Number of protein chains: 2
Amino acid sequence: MAKEIKELTSRSENYSQWYNDLVIKADLAENSAVRGCMVIKPYGYAIWEKIQRQLDDMFKETGHVNAYFPLFIPKSFLSKEADHVEGFAKECAVVTHYRLKNDPDGKGVVVDPEAKLEEELIVRPTSETIIWNTYRNWIQSYRDLPILVNQWANVVRWEMRTRLFLRTAEFLWQEGHTAHATKEEAIEETIKMLHVYADFAEQYMAVPVIKGIKTPSERFAGALDTYCIEALMQDGKALQAGTSHFLGQNFAKAFDVQFLDKEGKREYVWSTSWGVSTRLMGALIMSHSDDNGLVLPPKLAPYQVVIVPIYKNDEGLAAISEKVEQITKELKALGISVKYDNAQNKKPGWKFAEYELKGVPVRLAMGGRDLENGTIEVARRDTLTKETVSVEGIAAYMKDLLEDIQKNIYQKAFDYRAQNTVSVDTYDEFKEKIEKGGFVLAHWDGTPETEELIKEETKATIRCIPLEGDTTPGVDMVTGKPSAQRVVFARAY
Amino acid sequence: MAKEIKELTSRSENYSQWYNDLVIKADLAENSAVRGCMVIKPYGYAIWEKIQRQLDDMFKETGHVNAYFPLFIPKSFLSKEADHVEGFAKECAVVTHYRLKNDPDGKGVVVDPEAKLEEELIVRPTSETIIWNTYRNWIQSYRDLPILVNQWANVVRWEMRTRLFLRTAEFLWQEGHTAHATKEEAIEETIKMLHVYADFAEQYMAVPVIKGIKTPSERFAGALDTYCIEALMQDGKALQAGTSHFLGQNFAKAFDVQFLDKEGKREYVWSTSWGVSTRLMGALIMSHSDDNGLVLPPKLAPYQVVIVPIYKNDEGLAAISEKVEQITKELKALGISVKYDNAQNKKPGWKFAEYELKGVPVRLAMGGRDLENGTIEVARRDTLTKETVSVEGIAAYMKDLLEDIQKNIYQKAFDYRAQNTVSVDTYDEFKEKIEKGGFVLAHWDGTPETEELIKEETKATIRCIPLEGDTTPGVDMVTGKPSAQRVVFARAY
């Protein structure tokens with residue numbers, strides 16, 4: 001692709017524009033010809049593959065297996081669980097016909113009116129209904145439980161206002177759907193997966209998250225409890241990065257899924273569902289990146305190290321390339337992914353800017369002088385600092401450095417969040433702080449009315465009732481009624 | 001899932017029923033509530049994941065990267081490439097609306113007539129059109145080429161008669177879409193990917209394949225040449241297991257994708273596409289399995305070894321389990337995947353039948369006597385033979401055995417194919433041989449008329465013009481006209 005050094009809008013100038021610029025210019029994704037549907041470009045997809053692979057490993061380590069269920073859901077399924085259809089099923093892609101034919105009036109094709117489906121099909125916005133309709137045949141006795149299944153899939157929700165990765169009509173995700181013999185086990189599973197998500201966010205994405213429970217008005221449609229992880233972006237807005245739902249027996253009842261327990265009694269099955277999506281890409285981008293471009297945590301970078309040769313002629317390049325080949329071998333032996341960019345039609349300066357934009361954690365540069373001295377230049381993307389080090393032992397040095405970068409990126413995000421999290425006791429103070437962005441911890445009386453009032457007046461929502469931290473009771477900042485503990489408010493994506 | 005020892009229909013009795021029974025009873029897949037769409041169950045999906053992972057590695061080794069394009073295609077895109085729309089676009093799922101609403105007459109939801117799309121969207125039956133519409137913006141100059149992109153995705157073709165894995169309305173696949181500056185390079189890519197498919201089929205699936213070119217009437221709609229790999233199933237029918245298309249400049253012209261070449265001249269881009277799908281699962285199942293169930297090649301088996309303890313009481317189980325833990329560790333250290341089935345609510349005989357049905361390559365059984373003697377029973381799934389060997393050195397023994405099984409399964413399929421491939425010179429002989437099944441090599445005059453006549457009279461199609469083997473010219477068995485070389489006929493899935 002023809003590229004120039006690409007200028008980004010700065011974050012302070014226009015954060016939203018900076019994000020859009022970055023997604024496009026770092027070749028992560030772009031809008032497609034289909035309203036609200038994105039094209040995930042190879043570099044963006046490579047990051048998503050890293051996310052997928054790691055999460056998939058973590059799901060399997062916790063006993064889950066993958067399966068695949070149909071893309072389409074019969075329309076009638078959606079109305080079987082009352083809350084689910086209320087909260088969910090409205091904005092979606094509806095398949096009504098199954099054939100095109102040549103346009104009798106000329107060129108092109110038209111929908112064949114004779115190929116109308118008896119019952120319309122919905123492109124899955126989520127798969128609880130089709131999966132629970134399937135589970136009915138899989139579950140007869142307690143011996144068939146638990147079912148611990150995950151699916152990697154595309155889903156469609158007809159969003160009116162879309163933004164690359166953050167909110168798109170079609171997106172990629174995984175959805176876990178588990179079935180259990182007891183309520184306790186289902187709740188345990190719900191919380192276990194919340195912790196898996198939190199661990200992944202913190203240890204791999206380097207994004208600190210608050211674990212909590214959603215208020216009833218923010219729950220998943222059809223859930224008894226929705227657990228979530230909430231992250232704070234650099235503009236002070238919160239982003240929900242993953243949810244895990246305790247569904248009780250709602251879907252089992254809607255689809256009549258019963259089992260014989262150990263005592264021979266028929267019971268409805270207990271269930272959970274949990275998911276994260278390509279939205280995580282948005283969280284990753286907005287948590288760490290700067291005005292020069294992406295900053296990727298080493299654990300999710302498509303390549304962790306890029307090596308750029310600086311040479312005057314073919315001979316010089318050949319000599320450097322020979323040395324680089326040896327270094328590359330050493331790096332790969334330690335499990336470090338590395339790209340050697342010896343393209344001759346681009347100047348080193350162009351390459352430096354390009355890899356900075358693309359967030360490659362470490363850039364190595366080797367010139368003729370380095371070759372003589374047995375040195376190499378090491379540039380860190382996270383701190384934008386440079387140093388010259390000995391080629392001797394470079395692989396071990398890189399391994400430590402990448403670990404250090406991973407930690408540093410997390411710490412930076414952690415510090416930012418700490419600096420932008422405040423506790424307030426009055427509504428006036430709340431309004432002032434919310435205006436500045438960040439997480440605001442405040443007391444709430446537990447009613448949807450107060451929640452709604454605050455949302456209307458300040459655009460802030462309750463992100464969650466946190467599972468960890470201060471649980472001292474108090475009084476609601478608006479109504480003065482008793483509050484069990486502080487909850488987390490923020491304006492959110 | 002509640003299970004009994006499951007009886008399969010035998011292959012000789014009813015091959016088609018045997019296949020259906022096997023897919024269901026080995027827990028590979030089942031039909032869903034949505035016409036023609038299957039549910040891929042965890043055991044079936046685990047095999048598909050192995051296929052995916054290996055192919056993905058091979059694509060990346062040959063320089064390809066993954067990306068993701070929209071599920072939906074604007075209806076007008078389908079008519080841009082004339083042959084493509086003729087051959088393809090008719091039987092597909094059409095999205096006409098984007099919203100449901102509560103049924104004003106009572107319960108449930110109905111399609112909101114006010115939410116009609118201006119232009120209908122087609123659920124992708126294949127992605128050439130949406131991808132080439134995207135490539136137009138990615139390609140300006142020869143420096144932007146080649147583009148070597150692959151996509152893992154679901155696609156929908158509204159098939160009227162469906163069979164699990166072999167022909168389903170929705171299926172999973174990968175589709176490579178590459179863009180090149182020259183015709184030669186595009187043809188080279190087309191053939192390279194054909195070889196990747198053939199290597200995968202033979203070395204991983206243990207399925208021998210014939211590599212060849214499709215006749216014009218069997219070409220992909222929009223291709224100049226379609227290359228394919230063809231496998232022979234145990235009932236004597238052929239199965240097309242993968243295709244690689246040289247698309248010329250057809251899609252570049254349809255979507256106006258031009259580039260400036262090194263001389264500064266504008267040219268249309270050359271392209272290829274290539275794909276394999278969950279249909280490979282059907283090929284895998286039908287190539288090797290027997291009347292006792294699945295036979296899986298070790299390289300694609302979800303677990304290669306299962307260990308079953310045979311014990312009288314808890315103490316006995318504990319002693320065996322301790323020994324098995326050590327064996328498991330040794331096996332895993334050699335990269336062998338192993339499952340220890342110590343479930344107490346199922347008898348060893350039940351387990352033996354279950355793992356036979358599921359095609360686990362090796363079953364180990366250890367009883368009290370074995371524990372005393374330092375031995376273990378080894379049962380091979382492919383030959384159904386048993387032997388008792390020393391536990392000492394069992395891991396290395398297993399590694400060799402699994403390699404041997406992989407080779408043996410391939411050899412068996414290879415021998416079967418050899419025994420069921422004949423050359424004929426007269427049409428009478430052809431009709432007789434075709435009736436018995438297998439590949440029939442015969443001379444053909446190269447005309448679609450003769451091809452069609454043979455198809456009508458014998459239900460045999462030309463599977464391909466083979467790339468390897470006998471290229472002696474001759475005369476068409478029907479018309480007596482000259483033939484460049486023998487082609488491969490068969491009845492096919």
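**Reading helices and bonds**

Modeller: This is a predicted model. Let's begin with a pair of helices: helix 1 of chain B passes helix 8 of chain B in a right-handed crossing.

Biologist: At what angle do helix 1 and helix 8 of chain B pack?

Modeller: Helix 1 (residues 15–25) and helix 8 (residues 279–288) of chain B pack at about 115°, and their axes are 11 Å apart. Therefore helix 1 of chain B counts as roughly perpendicular to helix 8 of chain B, a label given to angles of 65 to 115 degrees.

Biologist: Which residues meet there?

Modeller: From helix 1 come Tyr15(B), Trp18(B), Tyr19(B), Leu22(B) and Val23(B); they meet Gly282(B), Ile285(B) and Met286(B) in helix 8 of chain B. By class, this contact has seven nonpolar residues, one polar and no charged ones.

Biologist: Now the backbone. Where does Pro146(A) lie?

Modeller: Look in the loop between helix 5 (128–138) and strand 9 (147–156) of chain A. The peptide bond leading from Leu145(A) to Pro146(A) is cis, with omega near -5°. In chain B, a cis peptide bond joins Leu145(B) and Pro146(B), with omega about -5°.

Biologist: And phi: what is the value for Asp27(B)?

Modeller: Phi of Asp27(B) is near 60°, which is positive although the residue is not glycine. Asp27(B) sits in the loop between helix 1 and strand 1 (29–31) of chain B.

Biologist: Is Asp27(B) buried or exposed?

Modeller: Asp27(B) has a relative accessible area of 8%. Buried means under 20%, so Asp27(B) is buried. Leu384(B) also has phi near 60°, but at 41% relative accessibility Leu384(B) counts as partly exposed.

Definitions and conventions:
Residues are numbered from 1 along each chain as its sequence is written. Chains are lettered from A and ligands numbered from 1 in the order in which they are written. This is a predicted model: local features need pLDDT of at least 70, side-chain atom pairs count only at pLDDT 80 or more; totals for chains, interfaces and linings use all residues. Side-chain values use heavy atoms; hydrogens and water are left out. Axes are lines fitted to C-alpha atoms, for helices over the stretch in contact, and angles run from 0 to 180 degrees between N-to-C directions. Helices (H or I, at least four residues) and strands (E, at least two) are DSSP runs, numbered from the N terminus. Angles under 35 degrees count as roughly parallel, over 145 as roughly antiparallel, 65 to 115 as roughly perpendicular and the rest as oblique. A crossing is left-handed if the near helix is turned anticlockwise from the far one by less than a right angle, and right-handed if clockwise. Contact means heavy atoms within 4.5 Å. Ala, Val, Leu, Ile, Met, Phe, Trp, Tyr, Cys and Pro count as nonpolar, Asp, Glu, Lys and Arg as charged, and the others, Gly among them, as polar. Buried means under 20% relative accessible area, exposed over 50%, partly exposed in between (1.4 Å probe, protein chains only).
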